[in-house]
Amino acid sequence: MAHPATLGAARPLHDVVMRADGPLVLTAPAVRHLTALGVVPYFSDSSTAPGALTLSVPGQEPLVAEAAWSRAASAHDVRDEATAQAATGVMHVHGRRSGEPRGLAADYLGIACSVLTGQGLLAALIGRARGAAVASVQTGVDLAGLLAVSQYLAAATAEEDEAVPLTPGGPPFTSADGVTYEVETLDADVWVAFWSTLGVPVRVASAGWRSFQFRYATACSPLPAELHERASASSWHEVRRAAKEHGASVCALRSLPQRAAEPRADMPWQLWPMEARPSPGRPAPGDASRPLDGFTVLEAGRRIQAPLTSHLLGLLGARVIRIEPPGGDPLRGMPPTCGGVSARWLALNRGKAAVEIDIKSAAGRAELGALVADADVFVQNWAPGTAERLGLDSGDLAVTNPRLVYAYTSGWAGRLPDAPLGTDFMVQARTGVGDVVRPEGEPSAPSLMTLLDVLGGLLGAEAVLAGLLLREREGRGVRVDSSLLGAAELLTEPALGHAARGETYRRPPGFRQPLRTADGWVAAGDEPAAHADKVRDLGTAEAVAHLRRQGIPATAVTTSLNALPADPRFAAALTRDEHGALAVPVPWRFA
């Protein structure tokens with residue numbers, strides 16, 4: 001995708017000073033991203049929670065953002081990354097492939113919460129620029145966890161059962177010569193043809209398609225054993241040849257040292273101010289609790305990344321209009337449903353308006369142009385080259401609306417040559433994420449939880465907010481690009497540094513793994529302690545109390561998402577929408 005010329009440094013916060021307090025895991029990503037926008041940071045000596053960022057803006061009262069481990073749950077239940085993952089269901093979802101809860105060895109929720117903190121500050125500054133009296137914003141790691149599992153949670157608590165069994169299993173595959181790899185295709189015929197070429201009977205390959213297709217929704221994929229058997233009997237050369245012949249995408253898992261040897265971007269998103277052109281501003285009333293109230297976002301997205309980006313902007317007060325193909329988004333009917341609408345779809349798209357437009361036709365593009373003229377943001381995640389081919393790239397739409405913030409949320413950001421299909425699991429495979437999310441002692445493999453789609457959606461929203469703030473300051477449109485590759489680089493960043501220096505980059509064996517009790521599982525805090533042999537014969541509640549008496553943070557591991565609405569830790573925070581689908585709380589609190 002062609003990029004507009006960069007016109008000066010995109011640093012809308014060049015006159016802002018920021019003080020950072022608290023644990024780096026809760027503040028470092030936000031500090032780094034805000035610094036890239038011009039903020040001058042300094043750090044206090046405090047390393048205890050909560051994390052706090054205080055912005056000093058010339059001529060304004062200080063703006064404070066606070067990131068705590070717990071907002072919805074009590075501080076006894078969520079006190080660090082391990083207990084946050086356990087309580088919110090992240091361990092359960094990540095562990096579905098193996099059949100029991102597993103902790104992510106990466107600080108996934110701390111990173112996500114830090115991005116939410118940066119978003120809150122940017123949204124508050126936009127609100128202030130429009131007259132809203134915003135003094136503070138709060139978020140929490142547990143709120144980030146609920147957001148991360150929101151689609152899985154909505155499906156688990158829907159009025160229908162899952163369309164496929166939630167039983168263990170799934171990719172990756174291993175070839176006869178020891179290459180571990182992921183396969184991706186969005187076409188059932190391609191899937192069947194690929195496996196048939198490797199010697200799998202058509203009926204067996206066909207039987208595995210539905211489970212494979214739904215793995216994005218279920219975080220598990222119990223495939224027929226014959227697929228793994230034929231994969232292990234086929235050489236990597238044969239696998240690649242079959243993929244090329246039928247149009248499938250395959251990717252060998254990369255290690256973190258391999259990824260560390262490749263070039264990487266400084267930031268997970270990029271901003272390009274557009275050429276300044278005369279255009280009227282759009283003054284709107286300010287609302288401290290909804291800082292984007294009065295903004296209109298157009299979203300031409302599908303699956304998770306782009307819809308989540310615009311969903312977050314909607315939670316901040318923007319009006320979101322989805323651009324759907326004639327006949328509507330087919331994922332609206334994806335089971336399980338609530339009130340006839342997909343529960344998973346509602347988790348990312350509730351509250352959005354929709355208009356059906358055939359963007360492939362001249363009349364449809366003209367209709368889209370009319371919407372663009374009155375919009376503030378346009379978000380899309382089309383395949384590379386689609387926007388240019390249709391005349392709907394950032395430069396094209398800037399002619400219609402010079403103040404537009406144009407957001408492209410992609411897989412690879414055009415940065416890796418010969419990159420495979422840019423989907424979550426393929427990006428995980430290509431970037432060494434498996435080394436980061438699994439500790440030593442577990443085979444390195446991508447998580448079947450959509451880690452990068454969610455983190456990519458968070459980064460997409462952060463990029464849009466940075467673009468909107470730049471527009472408020474400079475009065476011109478901005479193009480912002482974010483990607484799943486950027487999300488992978490953010491998630492792996494600390495470990496990549498260790499790998500580049502030849503240091504140990506994986507967490508030790510057993511790190512952040514829950515402990516089995518007599519009737520369930522318990523998660524102990526991340527601080528090292530000798531406790532694993534003390535709880536197996538105890539009930540879960542007794543085990544939690546036992547560990548806490550020793551001064552060890554502990555909480556019960558959520559092992560069934562449909563139990564969360566009645567769980568005392570989160571019951572007060574979870575609600576139901578007009579369709580009856582479960583909704584997680586808005587992750588920010590503005591005051």
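Predicted model: local features only at pLDDT ≥ 70, side-chain atom pairs only at ≥ 80, totals over all residues.
In the model, 3 strands form an open sheet in the order 6-7-8. The pairing is antiparallel. Strands of a sheet pair through backbone hydrogen bonds, either parallel or antiparallel. The edges of this sheet are strand 6 (173–174) and strand 8 (249–252). Each edge strand pairs on one side only. Strand 7 covers residues 180–184. Strand 7 and strand 8 run antiparallel and are joined by 4 bridges. In one of these pairings, Glu-184 has Ser-249 of strand 8 as its bridge partner. A helix also packs on the sheet: helix 11, residues 236–246. Helix 11 touches strand 7 and strand 8. The direction of helix 11 makes about 150° with that of strand 8.

Attention then turned to helix 4, which spans residues 108–129 and contains Ser-114. The relative accessible area of Ser-114 is 0%. Ser-114 therefore counts as buried, since the cut-off is under 20%.

The surface was considered last. Val-17, Val-40 and Tyr-42 make a nonpolar surface patch of about 260 Å². Tyr-42 lies in strand 2, which runs over residues 40–43. Tyr-42 has a relative accessible area of 45%. This value falls between the limits of 20% and 50%, so Tyr-42 is classed as partly exposed. Ser-114, by contrast, is buried.

Methods. Residues numbered from 1 in each chain as written. Heavy atoms only, no water. Pairing = 2+ DSSP bridges. Helix = DSSP H or I, 4+ residues; strand = E, 2+ residues; numbered from the N terminus. Contact = heavy atoms within 4.5 Å. Axes fitted to C-alpha atoms, helices over the stretch in contact; angles between N-to-C directions. Buried < 20%, exposed > 50% of the residue type's maximum accessible area, 1.4 Å probe, protein only. Patch = residues over 30% accessible without salt bridge, like charges linked within 9 Å, V, L, I, M, F, W, Y side chains within 5 Å. Areas by Shrake-Rupley, 256 points an atom, 1.4 Å probe, with all protein chains shown as cover. Salt bridge = Lys/Arg side-chain N within 4 Å of Asp/Glu carboxyl O.
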